[in-house]
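Dear colleague,

Please find the structure below, handed over for your records.

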Amino acid sequence: MRIRILWPAGQATATLRSTPTSEALWEALPVSASANTWGEEVYFGTPVSVPREDDAQQVVEPGTVAFWTDGDSLALPYGPTPVSRGGECRLASPCNLLGTLDGDPQVLRTVRDGDPIRVERA
């Protein structure tokens, strides 16, 4: 499954692995929301509500496509957040792992808080 994430200053694609959360998100696409930024992470709400999966993680690699079950949101970290230790990507709480962005995750630096953001099937 491949998705495209679009915002006013750019776009990115991502490859999702087959998980219950990925499947639920895929069925809900397209999704439009207002972007939030938290340190070097972009997150935004979705109509998907799922439980935390067994392999959920809080510390992830830059470019991970994660699902924050506490906020029914996609979380796209590209660097440290306010709760990171050192240069790690630490999410607010353990998140379901959906896949990875294709290419350089630093493209997410161009997302501004409040930007309209859309996720669609690629």
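**Surface, fold and strand pairing**

The protein chain exposes about 5,500 Å², and carbon and sulfur atoms supply 48% of that area; accessible areas come from the Shrake-Rupley method with a 1.4 Å probe, and for residues only the protein chains shown count as cover. Please note that this is a predicted model, in which local features need pLDDT of at least 70 and side-chain atom pairs count only at pLDDT 80 or more, while totals for chains, interfaces and linings use all residues. Residues are numbered from 1 along each chain as its sequence is written, and side-chain values use heavy atoms, with hydrogens and water left out.

The protein chain contains 1 helix and 10 strands, where helices (H or I, at least four residues) and strands (E, at least two) are DSSP runs numbered from the N terminus. Their order from the N terminus is β-β-α-β-β-β-β-β-β-β-β. The radius of gyration of the protein chain is 13 Å, close to the 14 Å that the globule rule gives for 122 residues, so the chain is as compact as a globular protein of that length. This radius is taken over C-alpha atoms, and the globule rule is 2.2 Å times the number of residues to the power 0.38. Along its principal axes, the C-alpha trace spans about 35 × 35 × 25 Å.

Of the 122 residues in the protein chain, 46% are buried (under 20% relative accessible area, with a 1.4 Å probe and protein chains only). Among contacts (heavy atoms within 4.5 Å) with a separation of 6 or more, 71% are accounted for by residues 24 or more positions apart.

Strand pairing (at least two DSSP bridges between two strands) may be followed from strand E1. Strand E1 (residues 2–7) pairs with strand E10 (residues 116–121) in the antiparallel sense over 4 bridges. In this pairing, Arg 4 stands opposite Glu 120 and Ile 3 stands opposite Arg 121. E1 also pairs with strand E2 (residues 10–16) in the antiparallel sense, over 6 bridges, and a hairpin of 2 residues joins E1 to E2. Here the bridge partner of Arg 2 is Thr 15 in E2. The covered face of E1 holds Ile 3, Ile 5 and Trp 7, whereas Arg 2, Arg 4 and Leu 6 form the uncovered one.

E10 pairs with strand E3 (residues 31–34) as well, in the antiparallel sense over 4 bridges. Val 119 in E10 is the bridge partner of Val 31.

With kind regards

Key
Buried means under 20% relative accessible area, exposed over 50%, partly exposed in between (1.4 Å probe, protein chains only).
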